[in-house]
Amino acid sequence: IDEAGAPDGADKHLTGAVYNEDNQIFTRQSAEPPGQWNDLEIKVLGQTYSVFLNGQRTTRFTNTHPGRGLPGTPGAPAHVGLQGHRGSRVAFRHIRIKPLP
């Protein structure tokens with residue numbers, strides 16, 4: 001959660017963005033104040049990523065990186081990364097991954 005968009009205030013660094021990706025359609029939504037939980041939902045259909053912060057869509061991003069977003073295999077497992085910055089305190093709860101219909 002970064003309402004300031006460190007280090008430069010750019011939309012691509014704000015809460016609810018696909019971090020550090022330039023080509024996204026971003027709409028700023030305010031996060032809950034410190035001490036309250038925020039709900040982030042990320043939907044991925046094909047190579048289109050949509051992020052929702054507390055029920056409001058913040059961004060839509062079409063992935064163009066050929067190695068990103070590929071399904072995992074036993075020889076090349078995929079992963080989901082959760083980001084935190086050095087020196088900041090972050091906690092996650094109720095993490096769920098499910099296929100979309």
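Of the contacts in the protein chain with a separation of 6 or more, 34% are between residues 24 or more positions apart. Contact here means heavy atoms within 4.5 Å. The structure is a predicted model, in which local features need pLDDT of at least 70, side-chain atom pairs count only at pLDDT 80 or more, and totals for chains, interfaces and linings use all residues. Residues are numbered from 1 along each chain as its sequence is written, and side-chain values use heavy atoms, with hydrogens and water left out.

## Overall make-up

The protein chain has 0 helices and 4 strands, and its pattern along the sequence is β-β-β-β. Helices (H or I, at least four residues) and strands (E, at least two) are DSSP runs, numbered from the N terminus. Taken along the principal axes, the C-alpha atoms fill a box of roughly 40 × 30 × 30 Å.

Of the 101 residues in the protein chain, 22% are buried. A residue is buried under 20% relative accessible area, exposed over 50%, and partly exposed in between (1.4 Å probe, protein chains only). The chain exposes about 7900 Å², and carbon and sulfur atoms supply 53% of that area. Accessible areas come from the Shrake-Rupley method with a 1.4 Å probe; for residues, only the protein chains shown count as cover.

## The sheet

The 4 strands form an open sheet in the order S1-S4-S3-S2, with antiparallel pairing. Two strands pair if DSSP finds at least two bridges between them. Strand S1 (24–26) and strand S2 (40–45) are the edge strands, each pairing on one side only. On average, neighbouring strands of this sheet are turned by 15° against each other, direction ignored. For this angle, axes are lines fitted to C-alpha atoms, for helices over the stretch in contact, and angles run from 0 to 180 degrees between N-to-C directions.

| Strand pair | Bridges and sense |
|---|---|
| S1 and S4 | 3 bridges, antiparallel |
| S2 and S3 | 6 bridges, antiparallel |
| S3 and S4 | 6 bridges, antiparallel |

Two hairpins are present. S2 and S3 form a hairpin with 2 residues between them, and Gly46 in the turn has a positive phi of about 65°. S3 and S4 also form a hairpin with 2 residues between them; in that turn, Asn54 has a positive phi of about 50°.

A search of the whole structure finds 1 aromatic pair. The ring centres of Tyr49 and Phe61 are 5.9 Å apart and the planes lie at 70°, so the pair is edge-to-face. The two residues are 12 residues apart, Tyr49 in strand S3 (residues 48–53) and Phe61 in strand S4 (residues 56–62), and the pair links distant parts of the chain. Rings of Phe, Tyr and Trp (its six-membered ring) pair if their centres lie within 6.5 Å; planes under 30 degrees apart count as stacked, over 60 as edge-to-face and the rest as tilted.

Tyr49 is buried at 14% relative accessibility. Phe61 is buried as well, with a relative accessible area of 3%.

## Gln24 in strand S1

Gln24 lies in strand S1 and counts as buried, at 14% relative accessibility. Its side chain reaches the backbone oxygen of Val18 at 2.8 Å and the backbone oxygen of Glu21 at 2.6 Å. These are polar contacts, meaning pairs of N or O atoms within 3.5 Å; within protein, one must be able to donate a hydrogen and the other to accept it, and residues adjacent in sequence count only if both atoms are side-chain atoms. Leaving aside neighbours within four places in sequence, Gln24 is in contact with Lys12, Ala17, Val18, Thr59, Arg60 and Phe61.

## Backbone features outside the strands

The segment before S1 contains Pro7, and the peptide bond from Ala6 to Pro7 is cis, with omega near 10°. Asn20 also lies in the segment before S1. Asn20 has a positive phi of about 70° although it is not a glycine, and is partly exposed at a relative accessible area of 40%.

In the segment after S4 lies His94. His94 is not a glycine, yet has a positive phi of about 55°. At 59% relative accessibility, His94 is exposed.
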